[in-house]
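Dear colleague,

Please find below the structure that I am handing over to you, together with its sequence.

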Number of protein chains: 2
Amino acid sequence: MAESMTETEQRPSGVPYPGTPEGRRGTGDPGFAPHDGQEAPELLERSRALVDPAMRAAVESLPASMRRIARYHFGWEHVDGSPAAGHAGKAIRPALVLAAAAALGGPAARAAAVPAAAAVELVHNFTLLHDDVMDRDPTRRHRPTAWTVFGDADAILAGDAIQALALRLLAEDPHPAAAPAAARLADCVMELCAGQHTDTDLEHRAPEEVTLDEVLAMAEAKTGALLGCACALGALYAGAGPEEVAALDGFGRQAGLAFQLIDDVIGIWGEPLRTGKPAGADLAARKKSLPVVAALVSGTPAAAELAALYGKPYITGDSEGIARTALAVERAGGRDWAQTEAADRMARAMQELARAIPDPEAAGGLLALAEFVTRRSS
Amino acid sequence: MAESMTETEQRPSGVPYPGTPEGRRGTGDPGFAPHDGQEAPELLERSRALVDPAMRAAVESLPASMRRIARYHFGWEHVDGSPAAGHAGKAIRPALVLAAAAALGGPAARAAAVPAAAAVELVHNFTLLHDDVMDRDPTRRHRPTAWTVFGDADAILAGDAIQALALRLLAEDPHPAAAPAAARLADCVMELCAGQHTDTDLEHRAPEEVTLDEVLAMAEAKTGALLGCACALGALYAGAGPEEVAALDGFGRQAGLAFQLIDDVIGIWGEPLRTGKPAGADLAARKKSLPVVAALVSGTPAAAELAALYGKPYITGDSEGIARTALAVERAGGRDWAQTEAADRMARAMQELARAIPDPEAAGGLLALAEFVTRRSS
């Protein structure tokens, strides 16, 4: 099944960059493969080198009791307070902030946007802390979640404090974009909250009561909104006008939806080695992910079979049941739909990006990161 | 016992205003009774008239799912969405913002500070929503708490969204004080979180492991910090310098501690009719309130008796046990200490206020509000 997954992942790469009908120039690559130091892993590494010190300095300013929980959550410390080597995820969002700032305003804008990048990553992590409490998720980044270690109350409080920390970084930043960036980030938090609310609500509803528009809107609010906000903040720090900011927000949102679609495909068909998530995990949890809902609303015989399977709770170890469920999603067209939709969303993302940044050379970093998020799931 | 409570409440009134050794001039009142339209109820009413529309407009901008929970929490709507007449508490914090702005900058500063007043009240309410989840409090302002109605997840999410809304109000405010006010409010949120953490932590510890300094620090962080922040924000909007801002913060903090001490006395000795809180409620819950901890650390024979009583769980309906416990707190000096400490804190509050605003005429509104909070418990 890993083969098909590879196909899924590479499909978006086939979308040509709208600004250059002939595709990327001078790289010999038909898609938008990275070039000239704009490889995604290198961009992520450079972004972390800039943003990590700002994040750590910010966390240092938390009251001691909150700092301890934050350091654990970020993977900087073990529970006993001893230093841990792990870093906190890929940090794709701060990299998007810096790449957007650099694309529209060059290296000076990238340097200026570091507080905004740190603020976006802090917001992302505050929502993770709270979502884990609500979803009762026991692990995150291969470690026990904060609520399992410190209790619900402390995980909620640390999340609250980290949201405040994010917005304080912007309030203290003298950059002229700091205030509009703070307003936009706060707006995004409200959208993230509404998205998480809808997610919880959809999970409590019967499969036949959930529409595809609802899960798409939920995924946009939960995943697309913050990726869009990250790009928009970078644009604001580059002094971009409202239209460019809106286009970059759209780019991030559509790329975020493509990412979520592919993440949902991985949640059903693997691949466990790369993601740490066993194939079928989302099916075992009876999760109403995007391919599942697309399958359920397809009106096919397989949809009826899937609805019947989802109506019964998963019995631990029933790998045959999971395989049958995955096959039903596939036969009902859920997998094809998700792959096509992901490619479509990536195409829309490219259009938005070309609207703001017609030069594919300048857009290279953002393109590389968008491709990267739709290839990885963490 | 209501008589003694009256004595407690009036003690702070006896503290002369440091700026005028002869006390308040021209009112014939030996304390700092309100005058010239600066009566606290009138100030609160005028503040609500200014701040309520800003609060409602802000809540309107929340996503629909979050708005519904916010409107219920604020008492503007019943669960079914029909309008409710109730208003959301006394709203002392926004009144302090406006009174501080007016005292240092006149009516123009008061009008300009409305967004800051709304932001402070939104922050207060976000913490109430979350604290109720953590403390499993079933009622607030005589209504079922949001988590009992909408579930934990929605109450957490609505709190998150309301924090973001508060900071967005300041991020969108073009006033030159808006950014420093936002930074200060965000700092205050972190302190509130640390205070709630300590509160939860102290409640889980054995009575003999809790020191008076710890509960005082907790009360300052949980209650004093936001009252101080409210006054500081008003001063910032009046264009005050760092020393005046710090003095007003100190005023609010000390008044907040006085309030908490008196609230804790009411939590033991009543009065249920005025507060809706039955006498002895805090003792039944084995709460480590300020008078109880002062009693426990007194080294008296009554302290040992109190420790023994607190070591056993409360049996519903055991009013005799509650009466014995209250008597032990009193005999161990907990009540006297709390009353003296409250008066001392009010005196310190007066000193801080006189430092920033030597003219008692200008300070009248803040004085009236400080006296009011130490007389009421809601």
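In this predicted model, a salt bridge joins the side chains of Asp187(B) and Arg168(A), with a distance of 2.6 Å from N to O. The count of salt bridges between chain B and chain A is 2. Polar contacts also occur across the interface of these chains, where 10 residue pairs are found, both residues of each pair being at pLDDT 80 or more.

I turn next to the extent of the interface. Contact involves 33 residues of chain B and 33 residues of chain A. About 2,700 Å² of area is buried between chain B and chain A, and carbon and sulfur atoms give 75% of this area. Of the area that chain B buries against chain A, 21% is supplied by Leu157(B), Met190(B) and His197(B), which is more than any other three residues supply.

The arrangement of the two chains may be described as follows. Chain B is superposed on chain A by a rotation of 180°, with 0.0 Å of shift along the axis and an RMSD of 0.0 Å. This is the relation of a two-fold axis. Both copies use the same surface, since 100% of the contact residues of chain B recur in chain A.

In general, nonpolar side chains in soluble globular proteins tend to be buried together. If neighbours within four places in sequence are left aside, the residues in contact with Leu366(B) are Leu96(B), Ala99(B), Ala100(B), Ala103(B), Cys231(B), Leu248(B), Phe251(B), Leu353(B) and Ile357(B).

Finally, there is the matter of the cysteines. Over all chains, the structure holds 0 disulfides. Cys193(A) is in no disulfide, and its nearest cysteine sulfur, which belongs to Cys188(A), lies 9.5 Å away; a disulfide would require the two sulfur atoms to be within 2.5 Å. Cys193(A) is buried, its relative accessible area being 4%. In chain B, Cys193(B) is likewise in no disulfide, the nearest cysteine sulfur being that of Cys188(B) at 9.5 Å. Cys193(B) also counts as buried, at 3% relative accessibility.

Definitions and conventions:
Residues are numbered from 1 along each chain as its sequence is written. Chains are lettered from A and ligands numbered from 1 in the order in which they are written. This is a predicted model: local features need pLDDT of at least 70, side-chain atom pairs count only at pLDDT 80 or more; totals for chains, interfaces and linings use all residues. Side-chain values use heavy atoms; hydrogens and water are left out. Buried means under 20% relative accessible area, exposed over 50%, partly exposed in between (1.4 Å probe, protein chains only). Copies are superposed by least squares on the C-alpha atoms of residues with pLDDT of at least 70 in both. Contact means heavy atoms within 4.5 Å. Buried area is the accessible area (1.4 Å probe) that two parts lose on being put together, summed over both. A salt bridge is a side-chain nitrogen of Lys or Arg within 4 Å of a carboxyl oxygen of Asp or Glu. A polar contact is a pair of N or O atoms within 3.5 Å; within protein, one must be able to donate a hydrogen and the other to accept it, and residues adjacent in sequence count only if both atoms are side-chain atoms.
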